[in-house]
Structures are given as structure tokens and as C-alpha cells.
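Subject: Structure handover

Hello,

Here is the structure you are taking over. Please keep it open while you read the notes below.

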Amino acid sequence: MICKSGRPKLSDDQDRALFAESAGTCLLCNTSLFPHNPTRTKSIPIAERAHIIAHSDEGPRADATMPQELRDGPDNIALLCPTCHTKVDKSPEDYPADELFIRKHARRSAVASIGGTPIFTNRLDARRAAERLLLRNRILFETRGPDRSDGSTNSLETAAAWSTVVLDEIVPNNRLLVALVEVNSELATAKDQIAAELLRQHTDDLERKHQSGVLISPAQRFPLQAENLFGSESE
């Protein structure tokens with residue numbers, strides 16, 4: 001569980017925080033880092049602590065200007081499965097540091113949001129929570145988003161700024177909306193569950209496109225059904 005390009009210098013608390021923010025899954029493929037084997041009484045941890053910026057000046061994604069203590073700190077370490085760790089280090093041009101940092105930040109934000117998902121006793125309170133998140137995203141899209149007709153932006157700078165908004169705010173808000181349905185499943189109707197799944201697919205698509213930095217075409221459209229999560233069952 002140690003990166004072959006150098007030993008991350010993490011305290012026990014930093015290490016636990018690293019696993020907590022990853023939700024126990026690989027940053028790239030989302031596979032469990034504690035796979036269950038029915039023939040064993042315990043899972044076998046497969047997590048590997050991978051440097052984003054290399055430990056050494058000659059390693060993958062090396063940056064000689066980064067101080068050594070930062071290279072081995074938790075903000076520069078990603079938890080990966082062995083397969084993904086091999087991929088990112090053998091093909092660093094396909095996994096640039098900026099993309100890995102974006103993924104790490106987005107995962108941390110999503111886990112923090114979902115981990116704080118409230119449980120409600122009635123649909124009205126759940127609806128109010130959903131409305132706040134929907135309103136926040138709507139305002140962000142209307143004030144800072146791309147052209148509504150074709151998803152275009154007027155400059156590379158605007159596109160980059162929009163990607164930051166999407167990954168830092170809209171994607172985590174969408175994840176929390178999905179989590180609201182999952183955590184409050186007893187209050188959710190079949191329509192709510194379908195809308196949540198469509199929203200999950202839309203959000204995955206949105207996140208992939210903005211993480212890549214290449215927005216060839218608009219992501220899958222936001223599902224209109226999600227606007228009525230925990231709303232009137234007659235609508």
C-alpha cells in the first residue's frame with residue numbers, strides 16, 4: 001500500500017482522512033479498495049497511495065518546483081487500486097496532474113456533501129431541501145453557464161471558469177440531490193427514484209466532460225423530472 005515512487009509521509013490522522021474522503025474507492029475506476037471475498041472472514045485491502053506530482057524529480061508528472069514536504073503530503077496523494085496506479089504512472093501523459101487534482105477535489109466535495117445528507121420525517125421538508133439545491137444550481141447556470149441553445153462559451157477562459165463551477169458546486173449539489181432520495185427512500189416515490197437515477201447519469205456525464213477539459217459537445221441534458229423531487233405526486 002506504499003507508492004513505489006516514494007513513501008508518502010502521512011500521519012495516522014492524515015491517512016484516515018485520505019480514506020474517508022475517498023469513500024473507500026479508487027479515485028479513477030470507483031472500485032472498492034476493500035473487496036469482499038465470501039471465502040474469507042476479512043476483506044483484503046488493495047489501496048495504493050499514489051503521488052499526483054511525483055515524489056522524485058524524475059518520476060511521473062514531476063515538478064521540481066514543488067517542495068518535497070508538499071509532494072509527500074495528503075493533498076498530493078490519491079488512493080488508487082493497483083491497476084489504476086500502474087496506469088497513471090506508466091502513462092502519465094494520459095493522466096495529467098491537473099486532471100487528477102480536479103478528480104480528487106471533486107471526490108472530496110461529493111463525499112463531504114453526501115456524508116452530511118439529512119434524514120427527514122416528511123416529504124415537505126425533503127422538498128424544501130431539494131428546492132434549495134435546485135435553485136442554487138439554476139442560478140449558477142443562468143449567471144455563469146454557457147449558451148443555453150448550444151452549450152458554447154465565448155472564450156477558453158470562460159469555459160475553464162465554468163468547468164470549475166461545475167466541478168466545485170453543481171456536481172456536488174447534484175450528488176447531494178441523489179443522496180437525498182437514497183437516504184430518504186421511505187419518502188421517495190417511484191418517480192423520485194427514476195428522476196434520481198437520471199440525475200445520477202447526467203451528473204456522471206457532466207463530471208467526465210468537465211474533468212477532461214475538452215467539451216466537444218454538451219453533456220446529457222439535465223432531467224426535467226429532477227425539478228420535482230419530493231414534489232406533488234400529482235405532477
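The protein chain exposes about 13,200 Å², and carbon and sulfur atoms supply 54% of that area. This is a predicted model, so every value here is computed from it. Of the chain's 235 residues, 42% count as buried.

The chain has 7 helices and 2 strands. Along the sequence they follow the pattern α-β-α-β-α-α-α-α-α. If we take the contacts between residues at least 6 apart in sequence, 70% of them join residues at least 24 apart.

Helix H1

Just after the helix comes Ala23, with a positive phi of about 60 degrees.

Cavities

How many cavities of 30 Å³ or more does the structure hold? There are 2.

The largest cavity has a volume of about 70 Å³. Its lining includes three residues already mentioned, Leu18, Glu21 and Ser22. At least two lining residues come from each of H1, strand E2 (77-80) and helix H4 (97-115). By class, the lining of the largest cavity has 5 nonpolar, 2 polar and 3 charged residues.

The second largest cavity has a volume of about 40 Å³. Its lining consists of Leu27, Ala50, His51, Ile52, Arg61, Ala78, Leu80, Val88 and Leu100. Strand E1 (48-51) and E2 are the elements that give two or more residues to this lining. Here the division is 7 nonpolar, 1 polar and 1 charged.

About 590 Å³ of space lies in the second largest pocket. It is lined by 21 residues, and the closest to its centre are Asn30, Arg107, Arg175, Asp204 and Glu207. The elements that supply two or more lining residues are H4, helix H6 (156-183) and helix H7 (190-212). Which element gives the largest share of this lining? It is H4, with 6 residues. The lining of the pocket divides into 9 nonpolar, 4 polar and 8 charged residues.

Cys81

Where does Cys81 lie? Cys81 is in the loop between E2 and helix H3 (82-90). Is Cys81 buried or exposed? Its relative accessible area is 5%, and buried means under 20%, so Cys81 is buried. Leaving out residues up to four places away in sequence, Cys81 touches Cys26, Cys29, Thr31, Leu33 and Ile46. Cys81 and Ser32 are 49 residues apart in sequence, and their C-alpha atoms are 8.2 Å apart in space.

Regards

How values were computed
Residues are numbered from 1 along each chain as its sequence is written. This is a predicted model: local features need pLDDT of at least 70, side-chain atom pairs count only at pLDDT 80 or more; totals for chains, interfaces and linings use all residues. Side-chain values use heavy atoms; hydrogens and water are left out. Helices (H or I, at least four residues) and strands (E, at least two) are DSSP runs, numbered from the N terminus. On a 1 Å grid over the protein atoms alone, a cavity is a set of points where a 1.4 Å probe fits but cannot get out, and a pocket is an open set with protein on both sides within 12 Å along at least five of seven lines; lining residues have an atom within 4 Å of a point. Grid points are joined across faces, edges and corners, and a volume is the space filled by probe spheres set on the points. Ala, Val, Leu, Ile, Met, Phe, Trp, Tyr, Cys and Pro count as nonpolar, Asp, Glu, Lys and Arg as charged, and the others, Gly among them, as polar. Buried means under 20% relative accessible area, exposed over 50%, partly exposed in between (1.4 Å probe, protein chains only). Contact means heavy atoms within 4.5 Å. Accessible areas come from the Shrake-Rupley method with a 1.4 Å probe; for residues, only the protein chains shown count as cover.
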